[in-house]
Amino acid sequence: MGSLSGILQRPLTTAAAVAIAAVSADLPDKLPPPKSSDPCFSSAQLNTSPSTSHEFKSWVSGISVSNFSNFSFATRFRVPVPNTKYLLPSLSLPSSRFSSFSSSIASPALLTSYQSAELAKAPKATDYINPGPSPPPDVLYRWHLPEPNAYKVSGDSDCSSAKSRTVVVLLGWLGAKQKHLKRYADWYTSRGFHAITFTFPMSEILSYQVGGKAEQDIDSLVNHLAGWLEEEHGKNLVFHTFSNTGWLTYGVILEKFQKQDQSLIGRIRGCIVDSAPVAAPDPRVWASGFSAAFLKKHSVATRSSVILNESGSEVLVDTKNIVEPTPAVTEAALLVVLEKFFEVVLNLPKVNRRLSDVLGLLSVEQPKCPQLYIYSSADRVIPVESVESFIEEQRKSGREVRACNFVSTPHVDHYRNDPNLYTSQLTNFLEDCVLTCCKNSSK
C-alpha cells in the first residue's frame with residue numbers, strides 16, 4: 001500500500017474543518033485550568049499559559065491538505081551517552097547541517113562509546129554532568145538515568161542492583177510528546193530505574209505505510225535496546241504502554257525481537273498497559289483516538305465522568321450510574337467523519353493484514369511475564385468491555401494478570417486523577433512480580 005497521506009487528504013481536510021469549528025465552539029474559558037499545585041500529570045491539561053493557547057490555535061489553523069501531504073522529518077533521535085563529555089551542537093543549525101549531525105549521532109563510534117558505559121552500576125552524583133544545550137523536544141526517544149539518591153533510598157544493595165539493571169520503556173499514546181511522558185519517567189528514575197520514553201510524531205501516523213518510517217523508527221529503538229541487553233547478562237526490560245498506539249507499538253517491538261533474537265523476549269520482566277487494549281481494528285476506537293488527539297483538552301474524551309447515587313450526589317462505588325459528558329455537535333460530526341474514514345482504511349488489505357499480525361501476536365504470543373492493566377469504565381476511547389474481555393482471555397491462557405479499574409477517570413488520565421492509587425499499583429506490581437528481591441525493602 002502506498003502512503004496514506006494521499007488517502008487522508010480529502011476526509012482529513014473535512015475532519016480538520018470540523019475540528020476547528022469544535023475548538024471555536026468550546027471556548028477555553030469553559031475549561032478551568034488545573035491547579036499549579038497538582039502533583040500529578042495530565043495528558044489532557046498540559047499547558048494553560050496564553051502562549052500555549054496561541055500555539056494550539058496556530059496548529060489548528062494550519063491544518064490543510066498541503067500540511068498533511070508535505071510532512072518531512074529528519075532522523076532526529078537522541079542516542080543517550082551516559083557519563084561522557086560530548087556536547088550537543090547549537091540548536092540553531094540549518095536543517096541540512098542538523099540532518100548530518102543526526103547521522104553522526106548514530107555512528108558506530110558513538111554507539112560503541114554508549115554501549116561501553118557501565119549503566120548496570122549504581123551511578124554516583126559525580127557521574128552526572130551537564131551535557132550542554134537540551135535536545136529538541138520532539139526527539140523520537142530519550143533515555144532517562146536514575147536519580148543519584150534513588151539507591152540510597154532503597155537501602156538494599158540487591159534491590160538497587162536489580163533496579164539499575166532494568167529499563168522501563170514508556171510507549172506514548174497518539175499525539176503524545178516527550179514532555180507528556182516525562183512525569184512518568186521521573187517517577188521511575190526517582191526509584192532507581194532507567195527509563196526510555198518513545199513517541200511518534202503525528203505526521204508519521206498520518207502518512208503511515210507498511211514498512212515505512214514509523215516502523216524504521218521502531219527498528220532504531222529495538223536495536224538500541226538489544227545492544228544494551230547484550231552488554232552483559234542480567235539486564236532486563238519492563239514495558240509501560242499508553243492507549244492502543246503504545247500497545248500496538250509494543251506488539252511491533254515483540255515481533256522484531258522474535259525475528260532478531262528470540263532470547264530477547266525472555267528479558268522482558270513485565271508489561272503495564274494503561275488505557276488499552278482493543279484487540280481488533282475497530283473504526284470507532286480509531287475515530288475516538290484521532291478526535292481526542294486533534295482536539296486535545298477540548299475533546300469530551302478528556303473529561304471525567306461522575307457517578308450519582310439516588311439522591312443525585314456524587315459517589316464512586318460502581319459503574320451503574322455513570323454520567324458521561326456529552327460531546328459538542330461539532331465533535332460528534334468529527335467522530336462521524338473519522339469513523340467513516342477508518343471503515344475504509346482499516347479494511348485496506350495491507351493495513352488490515354499488518355494490524356492482524358500484530359494483534360494476533362499480542363493476543364496469543366505475549367511473553368510469559370506478569371501483566372498489569374490500568375483502565376476506566378469512563379474511558380471514551382477504549383471501551384471497558386474490550387479491556388476486561390482481553391484480560392479474561394490472558395488469564396485463561398495462563399498469564400499472570402493484575403488489573404485496576406479507576407471507574408471514572410478519562411483516557412490516559414488516571415495518574416492525574418488519582419496519583420496515589422496509580423503509583424501504588426505500579427509499586428506493588430514491580431515489587432511482587434518484577435523485582436521480588438525488593439519486596440521487603442523500604443521505599
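The exercises below concern aromatic pairs and backbone angles in this predicted model.

**Exercise 1.** Classify the ring pair formed by F198 and F200.

*Solution.* The ring centres of F198 and F200 are 5.1 Å apart, and rings pair if their centres lie within 6.5 Å. Their planes stand at 80°, so the pair is edge-to-face, given that the class applies to planes over 60 degrees apart. Both F198 and F200 are buried. In the whole model, the count comes to 17 aromatic pairs.

**Exercise 2.** Classify the pair of F341 and F342, and decide whether F341 is buried or exposed.

*Solution.* The centres of the F341 and F342 rings are 5.0 Å apart. The planes of F341 and F342 lie at 65°, so this pair is edge-to-face. Buried means under 20% relative accessible area. F341 has 8% and is therefore buried; F342, at 5%, also counts as buried.

**Exercise 3.** Which residues do ring pairs link into a cluster with W173?

*Solution.* The cluster joins W173 to Y184, F242, F406, Y415 and Y422 through ring pairs.

**Exercise 4.** Describe the backbone at S243, V407 and the bond between A276 and P277.

*Solution.* Most residues other than glycine have a negative phi, and most peptide bonds are trans. S243 has a positive phi, near 60°; S243 belongs to helix α11 (residues 243-260) and is buried at 8% relative accessibility. V407 has a positive phi of about 65°. V407 sits in the loop between β9 (401-405) and α16 (414-417), where V407 is buried, with a relative accessible area of 17%. The peptide bond joining A276 and P277 is cis, with omega about 10°. P277 is in the loop between β5 (268-274) and α12 (283-295).

Note on methods. Residues are numbered from 1 along each chain as its sequence is written. This is a predicted model: local features need pLDDT of at least 70, side-chain atom pairs count only at pLDDT 80 or more; totals for chains, interfaces and linings use all residues. Side-chain values use heavy atoms; hydrogens and water are left out. Rings of Phe, Tyr and Trp (its six-membered ring) pair if their centres lie within 6.5 Å; planes under 30 degrees apart count as stacked, over 60 as edge-to-face and the rest as tilted. Buried means under 20% relative accessible area, exposed over 50%, partly exposed in between (1.4 Å probe, protein chains only). Helices (H or I, at least four residues) and strands (E, at least two) are DSSP runs, numbered from the N terminus.
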